[in-house]
Amino acid sequence: MQSLLTSEEKQLLLEIGREAVVASVTAGGKIPRTIKQANLLAKRGCFVCIKINGALRGCIGNFTADTPLYQQVQEMAAAAATRDPRFYPMKPSDLTDFQLEISVLSPLQKISSPETIKVGLHGVYIEKNFSRGVLLPQVAMEQGWDRETFLRQTCLKAGLDENSWMEGATISVFTAEVFS
C-alpha cells in the first residue's frame, strides 16, 4: 500500500498516542495540540495497539471517524490503555517500556468472494447476526496464517463458529498504513 502519511506525520501521531496513553494512566489531561497537516486533520479510522515486551497489551480502534485522525489516535490510544476488556487497565508501572503500533485504515469494502482477500494486504471484518470481529492485516502475517485460517480466526474473535465465514456472514476488507 502506498504511504499517505509522511514520516514526520507518523512520528507526530506516535508522539500524540504516547502522550494520550501516559495521560490516561496518570490521570493527566489531554495535551492540547495545534495541528496544521491536512493528513492529520482528515477524518479517518484507526486502530492503536499497545505492546509490552512484544506482547499485545491493548488494541482498540474505529473504522469511521467524526473527528480528525490525530484526535482518533488520542482517543484510541487512551482506550487501548484503559478500556480493552481483554486486559486490566494499564498502571503507572506499565509505562516504563511500552510500544505503540498505529494502523490508519482505509474504508471498509464488502466483498462477494473470500478469494478477493490478499493476506498481508487486507484486514478482515466479519459480521453475522449480532456478532462481529476484526483482525488487522498485520495479524495474519505475524501468525503465518493463510487466507482460510485468517477467516476462521476472525470468526472466532467474533464469538462465532470458525466456519461462519462460509455460511451467510458478511465479509469486508480494508487496508491499513501500519507504523510503530
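## The sheet

Two strands count as paired if DSSP finds at least two bridges between them. In this predicted model, four strands pair up that way into an open sheet, running E4-E7-E5-E6 with antiparallel pairing.

Looking at one pair, strand E5 (residues 123-128) lines up antiparallel with E6 over five bridges. Within that pairing, Tyr125 stands opposite Val134 in E6.

## Where H1 meets H3

Now for the helices. Helix H1 (residues 7-26) and helix H3 (residues 69-82) have axes that come within 8 Å and cross at roughly 40°. Angles under 35 degrees would count as roughly parallel, so H1 and H3 are classed as oblique to each other. The crossing of H1 and H3 is right-handed.

On the H1 side, the contact is built from Leu13, Ile16, Gly17, Ala20, Val21, Ser24 and Val25. H3 brings in Leu69, Tyr70, Val73, Gln74, Ala77, Ala78, Ala81 and Thr82. Sort the residues of this contact by type and you get 11 nonpolar, four polar and no charged.

## Around Ala42

Ala42 belongs to the loop between helix H2 (38-41) and strand E1 (46-52). Is Ala42 buried, exposed or partly exposed? Its relative accessibility is 28%, so Ala42 counts as partly exposed.

Setting aside neighbours within four places in sequence, Ala42 touches Thr67, Pro68 and Leu69. Leu69 also turns up on the H3 side of the helix contact. Val25, from the H1 side of that contact, is 17 residues from Ala42 in sequence and 27 Å away in space, C-alpha to C-alpha.

Key. Residues numbered from 1 in each chain as written. Predicted model: local features only at pLDDT ≥ 70, side-chain atom pairs only at ≥ 80, totals over all residues. Heavy atoms only, no water. Axes fitted to C-alpha atoms, helices over the stretch in contact; angles between N-to-C directions. Helix = DSSP H or I, 4+ residues; strand = E, 2+ residues; numbered from the N terminus. Parallel < 35°, antiparallel > 145°, perpendicular 65-115°, else oblique. Left-handed = near helix turned anticlockwise from the far one by under 90°. Contact = heavy atoms within 4.5 Å. Nonpolar A, V, L, I, M, F, W, Y, C, P; charged D, E, K, R; others polar. Buried < 20%, exposed > 50% of the residue type's maximum accessible area, 1.4 Å probe, protein only.
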